[in-house]
Structures are given as structure tokens and as C-alpha cells.
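Let's take a walk through this protein together. Have a look at the fold first, and then we'll go through a few helices and some charged pairs.

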Amino acid sequence: MGLHVPIRRSTKLAMIGKPSGTRILICSIVRHRLQLLCCVVSCRDLVNGFVLQAEINSPITLPQSLIIGFTQGTHYLRTARTKFKMEHVMLVDRYQGQHSTTSETAVSEFEKAVFAVAAHRPAATPLTAALKADENLIAGLALKGLGVVLLGKAEDITAGRVALKKACDALARADGGTGFERALVEALELVTQGSFKTAAARLEARLVDNPKEFLSLKVANSLRFMTGEPKRMREITASTLGHWDRADAGYGFVLGLHAFGLEETGSFAEAEIIGKKAVAIENADAWGIHAVSHVMEMRGRPGDGADW
């Protein structure tokens, strides 16, 4: 007997299944709690919004038919046949971070915190709101710890370790959480031990299969900046940029990161072009502004710099 599930316009469902040993992505526009999830054969992004994602570790039988209808403005989805085991359900934020929480409010506030971090603005208010909505928001706890440790003061290490303990406890309660959450917590642990380069490498390894995971990229880039590795900053942004396009949340910020890496390694002309493009797309991008300013200073153009 088929499943008949009410769904809304604001969210899509993503499932990762392994039928016959093949990893596939299955998407549709289902919303919001676990009991509403089902397996759908469609790889089109039908709507914008949160992504509910399920990792299916056992074989699944794909539905033989799919009907998407519209009744008084409410979508309905029906599958003729589904068979799967649900292991983890995740909310995916607009910056491609995967969360084991079921709180959409927590994820929404976390998105605001990520934007603040990207723009080099205070993130305390949205991060506090995210943790109020879900005190066990793993990425929120990890980001809180990373935020204080990356200030670079010895006294902040203690606060980072407190956040690490809470993040590890939350991770355990979530049966290990998501790959995104584990990477952030492991990076925080390494940073509290003083292993900044290893922490950056951990997040960069995450980017190999998740090149559009913005927060991992941003934190890795920040760590490389703190360890004085502009060449590596440039390399990692160059390796991921080909996967991004203008429609992706955070794209302007990524361009700004790349522009700074270009400028710091002497590619001034390219840095200026990329930096200006970054700011045109995202006017809150501090790195793009900074990179172009550096170029103008280094090339003896103080007037242009003042105008910029």
C-alpha cells in the first residue's frame, strides 16, 4: 500500500541510499518530521529551503510510481512501494552544514551565526538563540568553542575546552552525529591542544567530498591564516571554487577568501578582479574588501584605495 504524505513548499527531502552498492541522491519536497519521510525518485531541486536528509545504510526498494498533486495549495506525495531502514535524519542549513537536530529554529539561527562569522561580525546573539532552541546543537557548541579559541588568547583555551566538553557530550547523545558535526568537534579538540594545522587539515579533508560546506572552508581558511600559510589558503579555495556558483549561499564570501589568498601570494591583478566580484555579490564580505585594498596599497594606488 502506498504512502500518502502531506508536504509543503518550503523544504526538500534528500535521501542517500545504496541500492546494489551504488550511492545515489534522491530528492523531493517533503517536510518536516521523521514520520513524514519516504523514498522518492527525483534528483531535481523542486523548492528552496531546508533539506531533510536521511542516510539509508540498508538496501532500499525504490517506488514504482510517483505522484505529486496539488490540493488547495497543499502538495501531496504518494509512492507505490518503499522499503528502507532509517538510520539518521538531518537538517541541512543553507550553507550545506548537516545537523542531527530536529529543531528548524536552531538551524535557522545557526545560519545567521554562520553569516556573521563569514562577515566578521559578532555571532553571539544568533548563536545564543540557536543554542536556546536546542542546547545540544552540536555545530553550535563547536562553533562557540572555535570562536573563542580563534581569538588567539591563551585564556580563551579554557572556554574552548568547556564548549568542547558540551559538544562531545551532545555528539554522543546523537550517536556520533553527522560528518559535518564530527569534523567541527574534532577540529575544536585539535585547536584546544594547539594543533592548528592538523585542525585545518581535518576540515580540508571534509571538503574533498563536501566542497560546498561553507563553515568547514571558512574555519579551515581562518586556521591557515593564523598559522601563516597563505599558499595553502589559496590552494584550498581554488580546489573548491569550481563546485560553486552564484546561486549558492556563501559564494561571495568564498570568492573573498580566494581573493585574499591570491593577494597574499602575489597574484595582484587576479586578486583585484576576484575581490571586486566578491563584494559585488556579497557586500558584507570583509575579505574581498581587504584583498582589493591590499592590492591597491601594494601597487602604489592610494587614491584608488581611498575611493574603494
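Before we start, a word on handedness: a crossing of two helices is left-handed if the near helix is turned anticlockwise from the far one by less than a right angle, and right-handed if clockwise. What you see is a predicted model, in which local features need pLDDT of at least 70 and side-chain atom pairs count only at pLDDT 80 or more, while totals for chains, interfaces and linings use all residues. Residues are numbered from 1 along each chain as its sequence is written, and side-chain values use heavy atoms, with hydrogens and water left out.

Now for the overall picture. The protein has twelve helices and eight strands; these are DSSP runs numbered from the N terminus, with helices being H or I of at least four residues and strands being E of at least two. Of its 308 residues, 49% count as buried, where buried means under 20% relative accessible area, exposed over 50%, and partly exposed in between (1.4 Å probe, protein chains only). If you take the contacts (heavy atoms within 4.5 Å) with a separation of 6 or more, 58% of them are between residues 24 or more positions apart.

Let's pick out helix α8 and helix α9. Their axes come within 8 Å and cross at roughly 140 degrees; axes here are lines fitted to C-alpha atoms, for helices over the stretch in contact, and angles run from 0 to 180 degrees between N-to-C directions. That makes α8 oblique to α9, since angles under 35 degrees count as roughly parallel, over 145 as roughly antiparallel, 65 to 115 as roughly perpendicular and the rest as oblique. The crossing of α8 and α9 is left-handed. On the α8 side, the contact includes P230, M233 and L241, and on the α9 side it includes Y251, L257 and F260. The residues of this α8 and α9 contact split into ten nonpolar, three polar and two charged. For that count, Ala, Val, Leu, Ile, Met, Phe, Trp, Tyr, Cys and Pro are nonpolar, Asp, Glu, Lys and Arg are charged, and the others, Gly among them, are polar.

Helix α9 (residues 251-264) also meets helix α11 (residues 286-298), with axes that come within 7 Å and cross at roughly 25 degrees. So α9 is roughly parallel to α11, and the crossing of α9 and α11 is left-handed. Among the α9 residues here are L257 and F260, while W287 and M298 are among those from α11.

Next, the charges. Side chains of opposite charge can pair when their charged atoms come close. This structure holds eleven salt bridges, each a side-chain nitrogen of Lys or Arg within 4 Å of a carboxyl oxygen of Asp or Glu. In one of them, E213 meets R206 (3.0 Å, N to O), and both E213 and R206 are buried.

Another salt bridge pairs K212 with D248 (3.2 Å, N to O). K212 sits in the loop between α6 (196-209) and α7 (214-226), and D248 in the loop between α8 (230-241) and α9, 36 residues apart. K212 is partly exposed, with a relative accessible area of 26%, whereas D248 counts as buried at 18%.

Finally, R301 and E272 form a salt bridge (2.9 Å, N to O). R301 lies in the loop between α11 and α12 (302-307) and E272 in helix α10 (residues 268-281), so the pair ties together parts that are 29 residues apart in sequence.
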